[in-house]
Amino acid sequence: MRMLTADKVQYYRQCYRDILHECEQTCPALDKDTREPWQRGRLKRSKSRALLDRLRECEVDSLDYEP
């Protein structure tokens, strides 16, 4: 089995984080201050925002690929 060098791992991890940062710009998080005062409860997230949050939380699992 071939292993990646530490430099390659760091490179791919940085690429992954750069992509997530670009996605963050495209689909920003909802701000509680933007809703009306009479609205209550949690803020509804879009499917794309939910996926982005999961990818950010599970970065290690997302990058841990073994064929």
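Predicted model: local features only at pLDDT ≥ 70, side-chain atom pairs only at ≥ 80, totals over all residues.

Trainee: What makes the pair of Y11 and Y12 edge-to-face?

Mentor: A search of the whole structure turns up one aromatic pair. The ring centres of Y11 and Y12 sit 5.3 Å apart with planes at 65°. Ring centres have to lie within 6.5 Å to pair, and planes over 60 degrees apart count as edge-to-face, so that's the label Y11 and Y12 get.

Trainee: Why is Y11 called partly exposed?

Mentor: Its relative accessible area is 48%. Buried means under 20% and exposed means over 50%, so Y11 lands in between as partly exposed.

Trainee: And why does Y12 count as partly exposed?

Mentor: By that reasoning again: Y12 has 42%, which falls between the 20% and 50% cut-offs.

Trainee: What about the chain overall, how much of it is buried?

Mentor: Of its 67 residues, 12% count as buried. The accessible surface is about 6500 Å², with 53% of that belonging to carbon and sulfur atoms.

Trainee: How do you know how the chain compares with a compact globule?

Mentor: Check the radius of gyration: a compact globule of 67 residues would come out near 11 Å, but this chain has 17 Å. The C-alpha trace spans about 60 × 20 × 15 Å along its principal axes.

Trainee: Which elements make up the chain?

Mentor: Three helices and zero strands, running α-α-α from the N terminus.

Terms used
Residues numbered from 1 in each chain as written. Heavy atoms only, no water. Helix = DSSP H or I, 4+ residues; strand = E, 2+ residues; numbered from the N terminus. Rg over C-alpha atoms; globule rule 2.2 N^0.38 Å. Buried < 20%, exposed > 50% of the residue type's maximum accessible area, 1.4 Å probe, protein only. Areas by Shrake-Rupley, 256 points an atom, 1.4 Å probe, with all protein chains shown as cover. Phe/Tyr/Trp six-rings, centres within 6.5 Å; stacked < 30°, edge-to-face > 60°.
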